[in-house]
Amino acid sequence: MMTNTQDIQFSKEAMEKVQKIISRYPSDRKKSALIPILHIAQAEFDGWLSPQTMDYVASILNIQSIEVYEVASFYSMFNLEPVGNCLIEVCRTSSCWLCGAEDIIDHIENKLGISVGETTPDGMFTLKAVECLGSCGTAPMMQVGADYHENLTIEKVDNLFDQFRNENKKSRYC
Amino acid sequence: MSKKLLLKNDHIPGINTLATYKENGGYAVLTNALKNLSPDAIVEEVKKSGLRGRGGAGFPTGMKWSFLAKPEGVPRYLVCNADESEPGTFKDRYLMERIPHLLVEGMILSSFALGANTSYIYIRGEYFYVANILEKAIDEAYQAGYLGKNILGTGFNLDLYVQVGAGAYICGEETALLESLEGKRGNPRIKPPFPAVAGLYGCPTVVNNVETIAAVVPIIEMGGEEYAKIGIGKSTGTKLISASGHINKPGVYEIELGLPVEEFIYSEEWCGGIRGGRKMKAVVAGGSSVPILPTELILKTVNGEPRLMSYESLGDGGFISGTMLGSGGFIVMDEETSIVKNLYTFSRFYHHESCGQCSPCREGIGWMERILEKILDGRGTLADIDLLWDIQSKIEGKTICPLGEAAAWPVAAAIRHFRPEFEAYVTNPDSIKDIKHYYRLKN
Ligand SMILES: Cc1cc2nc3c(=O)[nH]c(=O)nc-3n(C[C@H](O)[C@H](O)[C@H](O)COP(=O)(O)O)c2cc1C
Ligand code: SF4
Ligand code: FES
């Protein structure tokens with residue numbers, strides 16, 4: 001099942017982080033480190049987990065590739081397909097909906113010329129509508145990488161997108 | 001009833017650092033307890049305090065702790081549940097972000113009480129920046145000798161780690177959380193065995209919510225009996241409430257249990273009333289899974305008594321006319337809110353979050369979501385409302401974990417209390433044209 005993982009290598013800093021995380025678990029329970037390592041892998045390799053990346057992670061933890069695939073496909077923060085540089089996740093659950101999340105989503109769709117779930121042709125932005133992110137008291141909100149943007153208004157969204165474009169923002173968690 | 005135990009120092013600049021936390025009395029309780037109290041004495045104080053789990057179910061913490069199996073030569077674990085994904089709930093995030101050391105101190109105290117030498121804080125992946133704040137606090141605690149080997153010269157060893165999740169509400173369910181912590185899919189386990197006997201890596205484990213563990217610090221500080229005097233009846237102590245929706249002052253509030261609901265909603269000290277001077281229509285009092293109540297029932301019980309913020313008072317009337325305190329996710333809706341659309345957002349959420357192991361949950365919730373979508377779309381029939389009722393009634397008690405119920409209860413309650421609105425959607429849409437099922441920003 002293993003595909004060629006030779007071209008994939010963590011940077012030195014990433015590898016140090018990975019080793020540190022592995023050391024947190026009993027030596028016969030290294031698999032516990034899988035989810036944190038997949039986050040690092042996703043940040044290192046273009047914001048998504050290719051089969052090659054997952055095979056590489058499996059080889060580090062000395063587990064079967066399938067064990068990585070089944071975990072990666074379960075959790076919504078892992079992207080199994082390429083995404084734009086900047087992943088925009090707007091919450092649409094109850095409290096955010098009550099405070100106008102649908103207006104925010106519409107506005108971003110119009111602004112970017114794409115629908116929820118799509119990526120702009122230049123590869124800059126991917127737009128997702130997501131479920132409650134624990135920011136209900138500061139609704140509506142969106143998450144971009146690790147950053148929470150709260151109490152959104154149309155104006156605030158416009159300013160943020162200008163800023164993302166200017167700094168060529170990449171959304172990463174690690 | 002303003003009484004602050006957990007958030008009393010949350011306004012102090014720099015309270016997230018060890019130095020400022022210590023200047024304000026931080027780690028004094030731990031230092032004193034490690035030197036002067038036995039683990040069993042701490043468990044005893046927690047029992048006396050009457051503290052109930054703040055993660056949602058309200059199970060007495062001291063009792064849970066006393067169930068922990070203690071076989072010789074087998075490690076025990078304490079795992080803190082910081083997955084906080086129940087819609088409407090954001091109090092744990094606030095606590096961890098503002099006063100991370102309170103959780104760290106609570107984890108050390110509780111680990112000592114339970115005899116755990118390795119403990120984990122499992123935090124939802126989206127709270128990545130909060131995980132960093134915790135890591136920093138933990139590093140500081142190691143440097144100060146509160147963590148690691150031979151803590152404060154007492155011979156007690158503890159390693160504390162933060163583990164991030166990756167976006168799955170179900171990992172808040174304690175056995176799914178343990179699976180996730182073991183590096184697997186978050187599929188809840190069949191119980192028994194309970195984690196107290198076979199939890200993380202098959203070893204005895206206690207899983208507690210962030211707020212529960214933080215509350216151990218003031219309990220040990222003042223003693224269980226004193227803590228039990230705060231609050232009302234079996235709802236002892238204070239509770240963090242996440243208030244959101246159509247109120248003037250959304251946010252996290254620490255209340256003394258027993259505060260009247262009406263005061264909480266309308267007083268300037270708390271939510272500050274309904275936005276735009278509108279009337280209130282309904283409240284979801286304890287996170288998305290608890291039954292929604294219309295204004296008359298959230299303010300007063302059917303016997304006409306004022307409803308209080310407590311486990312018992314909110315539960316008064318059972319599911320016919322009452323609800324639950326749950327996680328304290330308090331969502332307020334004004335008179336223009338579409339109850340059907342709100343419910344749809346919940347069903348969509350639960351459908352998305354079902355782990356898929358049990359067919360009533362996996363299929364039933366998706367079915368409910370699609371029917372609600374159809375009703376909102378103007379294609380529904382009266383028979384669809386009965387069908388919704390029928391489906392929700394066939395989920396409860398037939399699944400591995402309570403997520404199925406968490407998805408069914410809101411549907412039952414919305415139909416029970418707002419059936420005319422469901423009917424209007426299918427028979428007379430004109431009559432509800434003032435209801436916003438598409439919610440505009442400007443209020
Ligand atoms: C679907 C589901 C989601 C849950 N999510 C959480 C959560 O995010 N945080 C939490 O503390 N408890 C959550 N719980 C409750 C936990 O299973 C468990 O009861 C709790 O962590 C125990 O801690 P406590 O006794 O301190 O409340 C959830 C339960 C279910 C069924
Ligand atoms: S009730 Fe739903 S979430 Fe819980 S185990 Fe069954 S399918 Fe999974
Ligand atoms: S409902 Fe949007 S963050 Fe909770």
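Just after helix H8 of chain B, B:Gly183 takes a positive phi of about 85°. Helices are DSSP runs of H or I with at least four residues, strands are runs of E with at least two, and both are numbered from the N terminus. This is a predicted model, in which local features need pLDDT of at least 70, side-chain atom pairs count only at pLDDT 80 or more, and totals for chains, interfaces and linings use all residues. Residues are numbered from 1 along each chain as its sequence is written, chains are lettered from A and ligands numbered from 1 in the order in which they are written, and side-chain values use heavy atoms, leaving out hydrogens and water.

Helix H8 of chain B covers residues 174-181, and eight of its eight residues are buried, so the helix is largely enclosed by the rest of the structure. Buried means under 20% relative accessible area, exposed over 50%, and partly exposed in between (1.4 Å probe, protein chains only). Among the buried residues are B:Glu174, B:Leu177 and B:Ser180.

What do the buried residues of H8(B) pack against? They meet helix H2 (34-44) of chain A, along with helix H4 (61-66) and strands S1 (77-82), S2 (118-123), S3 (159-164) and S4 (205-209) of chain B. Contact here means heavy atoms within 4.5 Å.

## A buried asparagine

Strand S4 of chain B holds B:Asn208. With 3% relative accessibility, B:Asn208 counts as buried. Leaving aside residues up to four places away in sequence, B:Asn208 touches B:Thr61, B:Lys64, B:Trp65, B:Val79, B:Cys80, B:Asn81 and B:Ile213.

## Two nonpolar cores

A nonpolar core is a set of buried Ala, Val, Leu, Ile, Met, Phe, Trp, Tyr and Cys residues joined through side-chain atoms within 4.5 Å. The largest one has 92 residues, and A:Phe10, A:Tyr75 and B:Phe422 have the most contacts inside it. Helix H18 (residues 403-427) of chain B gives the largest share of this core, 13 residues. A second, separate core has 77 residues, including B:Leu30 and B:Val206.

A:Tyr75 also reaches across to the other chain: not counting residues up to four places away in sequence, its contacts include A:Ile35, B:Tyr122, B:Cys171 and B:Ser180.

## Chain B as a whole

Chain B has 18 helices and eleven strands. Of its 443 residues, 62% count as buried. Its C-alpha atoms fill a box of roughly 75 × 45 × 40 Å, taken along the principal axes. Residues 24 or more positions apart account for 70% of the contacts in chain B with a separation of 6 or more.
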